[in-house]
Structures are given as C-alpha cells and as structure tokens.
Amino acid sequence: MSGVYDLLAPTFQWATKAIVAYMIGISLIYFVMMILGFFALRRYHGRLLRSERDALFRSSIVPRISVLVPAYNEAGTILDSVKALLTLRYPNHEVVVVNDGSVDGTLERLIEEFRLYRSSRVPTGDLDTSRIRAVYESLDPIPLVVVDKDNGGKSDALNAGLNHSRAPIVAVVDADSILEPDSLLHVMKPFLADGEVDHTLASGGIVRVANGCRIEHGRIVEVGAPSSVLAGFQAIEYLRAFLGGRIAYSFLNSLLVISGAFGVFRRTAVVEAGGFLLDTVGEDMELVVRLHRRWRRGGGRDYRIVFVPEPVSWTEAPESFEVLNRQRNRWQRGLVESLWRHRRMMLNPRYGVVGMFAFPYFLLFEMLGPTVELAGYLLTGVGLAAGFVPLHLALLFFFVSVGFGVLLSLSSLLLEELTVRRYPRPADVGRLFLAAVVENFGLRQLLTVWRTKALFDALRGDRSWGEMERVGFRASKPDAGAAP
Amino acid sequence: MDRRTNLTIWLQTLTVLVVYGAAIGLVHRVWFSGVVDSLVLALVLAFAVVQSIAIATLLLALVVSKVIVGRRERRFRKVEPVVRDLLVDWMTEPEPSEAERARGEIESFADRQPDAVERCAVDLIASISGSELVRLSDLLVEIGIVERWSRRFRSRDPERRRMAVNRLARLPGERGNGVLRDALRDPEASVRIEAARALLTGDGIADIERIFHLAVTESLLVRAVLVEDLRPHAIRLAEQAIPRALAGGDPREVVVALEMIEAWQKSLSVPAVAPLLRHPRPEVRARALRVVPYVSGSVEVEGDTLAGLADPHPGVRLAAARAAGRIGIEAAIPALERLLHSRDRELAVAAAYALAELGDGGADRLEAAVRSNHSAGAAVALEALERFRTDRLRRARV
C-alpha cells in the first residue's frame with residue numbers, strides 16, 4: 001500500500017503543480033491582454049460622433065454595403081429582422097437574404113410582405129453553391145434581394161449571397177441578430193479611415209447579450225441586464241471575451257475571430273480567399289484565419305483585421321442548459337477545426353504575431369484550456385481525498401482557477417463600466433457583478449466538461465450543427481447566439 | 001494607430017505590470033511570506049489581494065466620480081436659471097446701467113463657476129443670431145471664456161481639443177477662426193473634421209478652398225464627412241481649386257478630386273476633366289469617365305468615352321460603359337453589345353444597363369441578346385431589360 005502511495009503521491013503532486021503553472025500562465029496572459037486592451041481602448045479616439053454619423057449618413061461617397069442574411073427556417077423572426085436591417089442608418093446598403101431551403105414558409109412570408117417578384121438578377125461571383133432556385137426583388141423601391149436556394153448550410157448560403165451581392169463591402173449578419181441603428185457606420189470606420197490603399201479586410205464590433213433588454217420591431221429600445229442566471233453568466237462571458245481579449249488582439253493585428261453574428265468584410269478579399277468554407281462549423285473564425293494566412297504569406301501584404309470597440313450587435317443567449325451545451329460544443333469544434341486546418345501557421349515566423357502568438361495562445365489556452373482545467377479538478381479532488389495532494393496545493397489550484405476567474409470577470413465588468421457603459425441602471429450593474437462571482441462556482445466547471453467533450457467530438461470528426469428552430473426573438477429558442 | 005501611440009500603449013502596460021509586480025512583492029512580504037509555506041501559493045494569494053484592491057479602488061473611484069458629477073450637475077441646475085437670465089439681460093437690456101449690472105454679476109459667476117457660465121452660454125449661442133449673438137460672443141471673449149476654449153485646444157487630450165473646437169466654432173465672424181485654422185493641422189482626424197465643418201459655415205473662399213484641399217488629401221472618412229458640406233460651394237470651387245487639384249501631379253489627389261465632383265452630381269464647367277480621359281494611369285481615366293456626365297457633353301468627350309470601351313484596363317471599360325449610357329452615346333451601342341458577352345460579369349452587367357439607357361436602339365440589342373444562344377449575355381440582357389421596365393413602371397405609378 002505504501003508503495004502505491006509512494007508512486008501515486010509524487011505523480012499527483014507533479015501533475016497538479018504542472019496544471020497550476022499552466023493556470024497561472026493562462027491567467028497572467030489574459031491579465032496582460034486586459035491591461036493592453038484597456039490602454040488601447042483609452043487611446044481609441046475613433047468613436048464617431050453623432051454629428052459625424054449624421055454627415056456620413058447623408059454622404060454620397062461611403063462605399064456600398066451588401067448585408068448578407070442567411071436564413072433557415074426563420075419564419076418567426078425574418079420580417080422584423082429584414083425591416084430592421086433595411087432601416088439601418090447607412091446611406092447606401094442593400095439587404096441580401098439567402099433562404100437556405102427553409103421549409104417553414106420563410107420565403108413565402110418575405111414574398112408577401114415585401115411584394116417580391118421573380119427577378120432576372122444574375123450572380124456576379126463564381127463561388128460554388130447549392131442550386132439556386134430563384135432570385136427575388138421587390139416591386140417597391142426597396143433595396144432587398146432574396147436568393148432562394150437548396151439547403152446547403154450557413155457557409156453555402158453566405159457564398160450564394162456573395163455571388164449575388166454587388167457591393168465592394170459585405171456585412172454578414174445572423175438572421176436573429178439585432179443591430180444597433182448606426183452599427184454599419186461604426187464598423188465601416190476602419191475601412192473609411194484607410195489611407196491610400198485598402199488595408200482593412202474585415203472588421204467586427206462588440207456583440208452583447210440581448211436577454212433582459214426590451215425589444216420592439218427588431219430594435220433594442222431599452223438596455224437591461226438579463227434576469228435569468230444562465231443568461232447573466234453569458235453576458236459576463238461576452239464582456240470578458242470582447243473587452244478583455246479582442247481589443248488587445250486587434251491592437252496586435254492578430255484577431256482570429258470576427259463574430260458570425262455580425263462582421264464586415266471586403267468582398268474581393270473574401271472571394272479571393274475562396275469564400276466561406278463549407279465543411280466546418282466555425283466558418284467565421286476559419287475565414288478570418290484564412291485571410292490572415294493568405295495576406296501574410298509570401299512576404300506579407302499590408303492589411304488589417306480590426307475590432308471596433310463599439311457595441312454594434314445584440315444576440316439572444318440560450319436560456320436552457322441543453323441548448324447552451326449544443327452551442328458551446330459547436331463553438332469549440334469550430335475552434336479545433338480552424339486551428340487544425342491551418343496548423344502550418346503554428347509557431348511559423350512567416351505569419352508574424354498571428355503564427356507566433358495568437359495561434360499558440362488559442363491552441364494552448366482556448367482549445368486545451370478546458371480539458372487541462374477539468375483534469376485539474378479531478379486530480380485535485382481525488383488527490384486531496386486520497387491524501388496524495390497536500391491542502392496547500394489544492395488551495396493553490398482553487399485560487400488560480402476559480403479565484404483568478406472571479407477577478408478576471410470582475411475586471412472585465414469594471415472595464416465595461418469605465419469605458420462603454422451600456423447598462424444605465426445601477427441595479428443591472430450590481431446583478432452582473434454578482435453573476436461575475438457566481439459563474440465561477442458551477443457554470444464554469446460545467447462548461448469545461450462540455451468543451452472537453454466537444455474537443456473529443458471534433459477529434460472524432462463530428463461536423464453537425466444541431467437543430468435551429470426559431471419561433472420569434474422574444475420566444476425561447478433552442479440554439480441562439482453567436483460565438484463571442 | 002501610429003508607432004508613437006503603439007509605443008505609449010506598450011509603455012503604459014509595462015508600467016502597470018511593474019507596479020503590480022512591486023505591489024505583489026510588498027503584499028507577499030508583509031502578509032504571506034512568514035505565514036504560507038508554499039512560495040507559489042503565497043504569491044498567488046498576494047496577486048489575488050492586489051487585484052481585489054485594484055478592483056475595489058477602481059470601483060470606488062467610479063462611484064466617487066459619479067457622485068461628484070451628480071453634485072456638479074445639481075449645483076449647475078441651481079444656478080442655471082440665474083446665469084441664463086443674466087446672459088439674456090446682457091444681450092437684450094436697452095438700459096446701459098442694467099446691462100452693466102448683469103455683466104458684473106456674470107463676471108462674478110465666471111470667477112466662481114466658469115463651467116456653469118460656459119454651459120449656459122453654449123446653450124444660448126445655439127438658439128440666437130444677429131446682434132445678440134455678436135454681443136454674447138464679445139462678452140465671452142471679455143470674461144475669458146473664449147480664452148479658456150483656446151487653452152483647452154492646446155490640451156494633449158484629443159477629446160478636449162475637439163470640444164474646444166466645437167465651442168469656438170459657435171462664435172460668429174473671425175473670433176474663433178484662428179484656432180480653427182490651426183485645428184485643420186491637428187493630428188486627430190475628428191478635430192480636423194470639426195474645425196473644417198465649422199469653417200465651411202463661413203463664406204470665405206480661402207477657407208473653403210483650404211478645406212477642399214484638406215478633403216482631397218485626407219482619408220475617405222474625412223472626405224465622406226465633408227463632401228456634403230462642400231456641395232453648396234461646388235461652383236466656386238470649380239473656378240480655381242478643382243482645376244488646380246486636377247492639374248496636380250499626384251494621381252491619387254486627382255482621383256479624389258474627381259470623386260468629389262462625381263459625388264456632388266452637379267453640372268460644373270471643368271474643362272480640365274477632358275484631358276484626363278487620356279491620362280496614363282487607368283484609375284484616373286476610369287474616374288474621369290465617371291465624371292464626364294456631369295461636366296461636359298462635347299464630341300471630344302464622346303470620342304474618348306468610345307475609346308474607353310476598348311481600353312485594356314477593365315475598370316476603364318466599366319466606367320466607359322456606364323458613361324456611354326448616362327450621356328446617351330448611341331455610337332457606343334455596337335461596342336456595348338460586344339461587352340455584353342464579356343466574361344467579366346460586372347462589366348457585362350454595366351454594358352447591359354448602359355444599353356437599356358440608350359433608348360429603343362439599345363433595347364433592341366438587349367432583346368436580340370435575350371433571344372440569342374449566348375446564355376451569359378442573355379441573362380444580363382434580361383436583367384437590364386427587366387430593371388429598366390420595372391423602374392419605368394415604378395415611375396409611372398408615382
């Protein structure tokens with residue numbers, strides 16, 4: 001018995017120490033990124049003023065945008081979404097809805113509401129897609145195009161939208177996303193601010209959780225914190241992801257993700273890169289990584305992929321564990337797929353800071369992090385019970401996982417209050433502070449289990465999306481939201 | 001962000017990390033070094049303490065700042081009616097002694113609560129004009145409020161500079177224009193925009209030409225904001241500033257100047273555009289072709305537009321096709337018909353739309369293309385015909 005103890009105790013202790021070192025590493029990098037992001041945000045003077053936005057809204061030289069909206073069985077929300085998109089404050093945009101073989105009457109609702117006729121509009125792009133059944137335009141002077149096609153998935157629908165768009169810039173929007181009225185102007189700012197050459201390939205902004213907000217006709221009319229615990233956790237998570245990491249990544253020009261809920265791309269860049277990839281569940285991240293890869297290869301072209309620290313889009317977070325699990329599983333698999341597909345960028349100096357920093361960070365911490373953390377919980381728990389791990393080591397693990405988690409969540413919420421400040425009621429801020437603490441006791445651990453399972457699902461080659469039933473924004477939806 | 005800003009951000013981050021390191025070391029030494037055996041655990045606990053203190057301090061600062069702002073707001077609300085009445089008295093009181101009394105009290109307020117006087121004055125300026133505006137502005141100069149704004153313009157904080165420019169922009173005549181002209185050279189685009197828009201509300205051609213030059217040399221963002229403000233001055237700019245920009249050696253500035261003309265969509269007399277149709281740079285030729293419908297309809301331009309349809313550069317052919325349709329050059333029909341079958345789908349669509357704009361002659365060719373076996377050409381021809389007829393239907397309904 002003593003022999004087994006002598007063998008297992010040092011092994012447990014060594015493994016726990018390694019995990020603790022790993023957790024300290026992840027927390028410190030995250031901490032540094034947050035400070036870097038804070039100062040970068042303070043130096044961000046690019047916020048468009050109301051008067052400037054008004055002037056841009058009247059301007060005749062802002063580039064045209066095609067807003068691509070893939071829609072699959074969105075009959076419940078599509079009319080509100082399209083109306084809200086058509087009335088965005090932007091002087092020159094068209095909305096291209098791609099009906100991806102819906103069977104719930106999505107197309108019929110659009111035809112009836114917007115008096116669509118079967119148009120002869122030809123595609124100007126050559127990306128491969130499923131069969132296009134028809135293209136519709138409105139009899140009224142509404143800049144709306146509806147592409148009806150066989151079902152082929154989100155990427156396929158986006159490629160069809162790219163083929164039928166005629167603008168130099170495309171915005172990719174989830175049908176259930178709610179955009180701020182000036183969101184297109186905000187995310188276009190980096191494109192407009194380019195000097196002589198078109199440096200900016202893509203830009204995205206802050207996506208927020210819409211649960212708890214009052215929504216009317218596809219618009220947020222009153223901001224509020226989620227009342228449900230699960231959505232509150234996710235609100236904190238989104239803040240942490242957007243304010244904690246993306247600003248710093250953007251500062252380092254190594255942003256690997258632009259949320260699929262709302263991102264803007266230079267059309268020629270996406271077409272040149274081959275459009276959206278079909279056999280992936282993380283098409284948003286995959287495209288951004290591919291753009292980096294393509295533009296940095298062969299000496300590298302001067303380019304930027306930018307995160308705009310403006311709240312531009314709202315998404316409804318899942319409020320059931322089952323749906324949340326499915327969503328996180330898909331995000332994690334998307335991450336694994338993107339990293340695996342572009343593994344040659346890993347630690348490759350040709351890809352600059354993307355290859356040498358962002359890629360290893362995403363692999364070590366975003367992809368493997370949950371699994372290592374889960375291993376830490378198991379090792380510490382079993383080791384402590386069996387007497388293999390001393391109390392101080394277990395405490396240490398608890399502090400670096402849960403304790404640091406609480407501090408980072410609180411810090412991102414504080415960053416929100418110091419900079420963006422979108423929650424007007426002190427009670428909302430208080431509720432979120434509470435959620436920032438509580439999420440680390442239970443939900444965080446549950447997420448590590450789900451994400452670890454997703455890692456193995458991805459390694460097994462699972463590429464399913466799961467069900468996407470939507471019955472209206474205010475009603476419960478099984479699979480909502482976009483990867484933060 | 002420029003290199004200097006990047007460096008500053010890195011230095012600030014490094015400074016915070018060093019301060020954190022020192023604080024963690026201190027907390028570790030004072031509280032944990034003798035109590036916790038494990039060095040790593042002690043350091044982790046020290047970090048947790050430091051970070052908790054930092055969060056609590058920032059949170060406290062946030063609350064305190066909210067309280068201070070709230071108190072200031074309450075104080076302002078208390079004096080606002082009084083100051084506002086005094087300012088109105090100063091502007092409108094016909095009795096000199098009463099006006100002087102009001103002025104004395106305003107000066108006294110300006111010494112004690114300059115922010116309140118400033119806010120009230122700014123609110124008032126937005127709603128007055130003529131002699132009252134001049135009188136109030138003179139008072140603001142005399143009691144030092146304008147000097148405050150000028151000082152603020154020298155701040156390192158771009159937001160303060162922009163606010164200063166915003167305030168100075170409200171003054172009539174030349175009162176703030178010196179600073180506004182300096183602000184056109186500000187490193188921050190939003191400050192330059194604010195100053196440019198303010199100067200454009202005046203009537204001085206020198207300022208208008210200066211801002212046109214600024215727009216031509218700046219990013220698309222600045223141009224996009226200024227283009228509509230410059231539109232009312234287009235005819236005056238066409239006299240000297242535009243020809244000067246078009247004659248400049250920098251192709252980028254020439255393209256941008258042409259872009260502005262196109263955006264205004266005003267009929268302008270700019271003979272300098274015609275020679276640009278034969279410019280060696282394709283982007284200049286293409287942009288000049290886009291402007292042709294607005295500046296001239298001479299035979300010479302028609303010839304260059306027809307030549308543009310056979311230009312080796314696809315962007316020039318595209319612009320020539322659109323120009324041919326807009327101007328209505330019937331001689332372009334055969335060339336447009338050929339472009340209808342181009343493999344460049346965007347060019348084919350442009351050619352089809354141009355044919356649709358060329359009346360019956362063009363429509364006949366489109367119908368012939370629809371009946372032909374060339375599927376790509378037939379598709380774009382059908383789209384153009386359909387769009388042409390749908391638009392006509394819409395117009396008829398209106």
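Patches here are built from residues with over 30% relative accessible area and no salt bridge, like charges being joined within 9 Å and nonpolar side chains (Val, Leu, Ile, Met, Phe, Trp, Tyr) within 5 Å. This is a predicted model, so local features need pLDDT of at least 70 and side-chain atom pairs count only at pLDDT 80 or more, while totals for chains, interfaces and linings use all residues. Residues are numbered from 1 along each chain as its sequence is written, chains are lettered from A in the order in which they are written, and side-chain values use heavy atoms, with hydrogens and water left out.

One nonpolar surface patch brings together Phe398(A), Leu434(A), Val437(A), Val438(A) and Phe441(A), with about 430 Å² of accessible area together (Shrake-Rupley method, 1.4 Å probe, only the protein chains shown counting as cover for residues). Helix α14 of chain A (residues 426-438) gives the most, three residues; helices are DSSP runs of H or I, at least four residues, numbered from the N terminus. Phe398(A) sits in helix α13 (residues 391-418) of chain A and is partly exposed at 36% relative accessible area, where buried means under 20%, exposed over 50% and partly exposed in between.

Now to the interface. Chain B puts 58 residues into the contact and chain A 59, contact meaning heavy atoms within 4.5 Å. About 5,200 Å² is buried between the two chains, with carbon and sulfur atoms giving 69%; buried area is the accessible area that two parts lose on being put together, summed over both. Four salt bridges cross the interface of chain B and chain A, each a side-chain nitrogen of Lys or Arg within 4 Å of a carboxyl oxygen of Asp or Glu. Arg58(A) pairs with Asp229(B) in a salt bridge, the closest N and O atoms being 3.9 Å apart. On the chain B side that touches chain A, α2(B) supplies the largest share, 13 residues.

Over all chains, the whole structure holds 71 salt bridges. In chain B, Glu159(B) and Arg162(B) meet at 3.0 Å, N to O, and lie three residues apart in helix α7, about one helical turn. Glu159(B) is partly exposed at 38%, whereas Arg162(B) is buried at 7%. Glu337(B) and Arg365(B) form another salt bridge at 2.7 Å, N to O. Glu337(B) lies in helix α19 and Arg365(B) in helix α21 of chain B, so this pair ties together parts 28 residues apart in sequence. In chain A, a salt-bridge network links Arg214(A), Glu216(A), Glu222(A), Arg425(A), Asp428(A) and Arg431(A).

Key:
Helix = DSSP H or I, 4+ residues; strand = E, 2+ residues; numbered from the N terminus. Buried < 20%, exposed > 50% of the residue type's maximum accessible area, 1.4 Å probe, protein only. Buried area = accessible area lost by both parts, 1.4 Å probe.
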